[in-house]
Amino acid sequence: MTVTPVTPPVFIHPLADRHGVPSALLLDARGMQPETAPLALLQELAAGSMACYFRDGLSESSQQLLLDAGWQAAPADEIHHSNAALDAEFKELPRTANWIEGEWFLAPPPKPVGSQAASRALALKLVQLVSADADTHEIEALLKQDPTLSYHLLRLVNSLGMGSARKVSSFSQAILILGRAQLRRWLNLMLFSAREADQRSPMLLARVAVRARSMELLAREAGYDKAQQEQAFMGGMFSLLGVLFGMPLAEVLQPLTISEELSQALLQRSGTLGQLLTLVEAAEHADLMALTRGLRALQIDIAGYNQIQADAYLWMQAIAAGKSGKDDA
């Protein structure tokens, strides 16, 4: 009896540079063999805008396959791992560290003071208006109170081109071109990018972009309708608002106009949306058993999951390029 090799799931982790900006991907390729490796997908990721590394400990043939696909062996002595908060300007990093791994960006932010506190209050108000599908003029009036918010919104909207030959240069134009549903996405993404005083911001934006896009694509792969896919995307977005604002998530969600289903998914990981969020969190922590269990429940195969991961990380790179001011992806 011939046993068909099974393609393993791809676990990817973004690496920040010494300034806290996501600039590389780290592949956890344990269990990957040349005959089961998703070669086309690995090449697609390597062709993206970020450097691509793989951890040591693979067989020589697996390492060679990854090298041929455009990946590099991770320089272990140049990667600093931290799950704790880092100093504001990253001055305490080891001199040899060129990359930062870990979940340091999920640590609580410093207590906002002065203009930072005002900016946070404005951002929270914006979340409330967007979740309530408020009138366009209300949102535009709020954005005008902080030009930085408008700047970051337009930069993000233009980061993917949106199929238009013209640059979006005003909020009203963004409404006209994108429509309300799409604009709601960009407004929520902008909340994570428009926080210059928070060194966690670039990596938080990367995490939430991958999480939201992955949940949306998983919902589509599982056969959910467009409305459910949109809810999945927003679930990924809202899931990190507590981390962003340094508040309990329940407290952030309390004044928002969101469905009971979404609220239960975010706070209790219950229902269909909670199932999707749990699966994405399992992928973030390379929890093979939880991931396999979640995919089986959704009837999604490993190959489908791997493609979703690649698509989500490539989308995140386009978002990160918009945040840093690089050319459109």
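**Conventions.** I number residues from 1 along each chain as its sequence is written, and side-chain values use heavy atoms, with hydrogens and water left out. As the model is predicted, local features need pLDDT of at least 70 and side-chain atom pairs count only at pLDDT 80 or more, while totals for chains, interfaces and linings use all residues.

**Cavity count.** I took a cavity as a set of points, on a 1 Å grid over the protein atoms alone, where a 1.4 Å probe fits but cannot get out. Grid points are joined across faces, edges and corners, and a volume is the space filled by probe spheres set on the points. I found two cavities of 30 Å³ or more.

**Largest cavity.** I noted a space of about 60 Å³. Its lining residues (an atom within 4 Å of a point) are V130, D133, I139, I175, R180, L183, R184 and L187. Helix α6 (residues 171-193) supplies the largest share, five residues; helices are DSSP runs of H or I, at least four residues, numbered from the N terminus. I sorted this lining into five nonpolar, three charged and no polar residues, with Asp, Glu, Lys and Arg as charged, Ala, Val, Leu, Ile, Met, Phe, Trp, Tyr, Cys and Pro as nonpolar, and the others, Gly among them, as polar.

**Second largest cavity.** Here I recorded about 40 Å³ of space. I listed I12, V210, V280, A283, E284, Q309 and Y313 as the lining. Two or more of these residues come from each of α12 (271-284) and α14 (302-324), and α12 gives the most, three.

How values were computed
1 Å grid on protein atoms, 1.4 Å probe; cavity = no way out; pocket = protein on both sides within 12 Å on 5 of 7 lines; lining within 4 Å.
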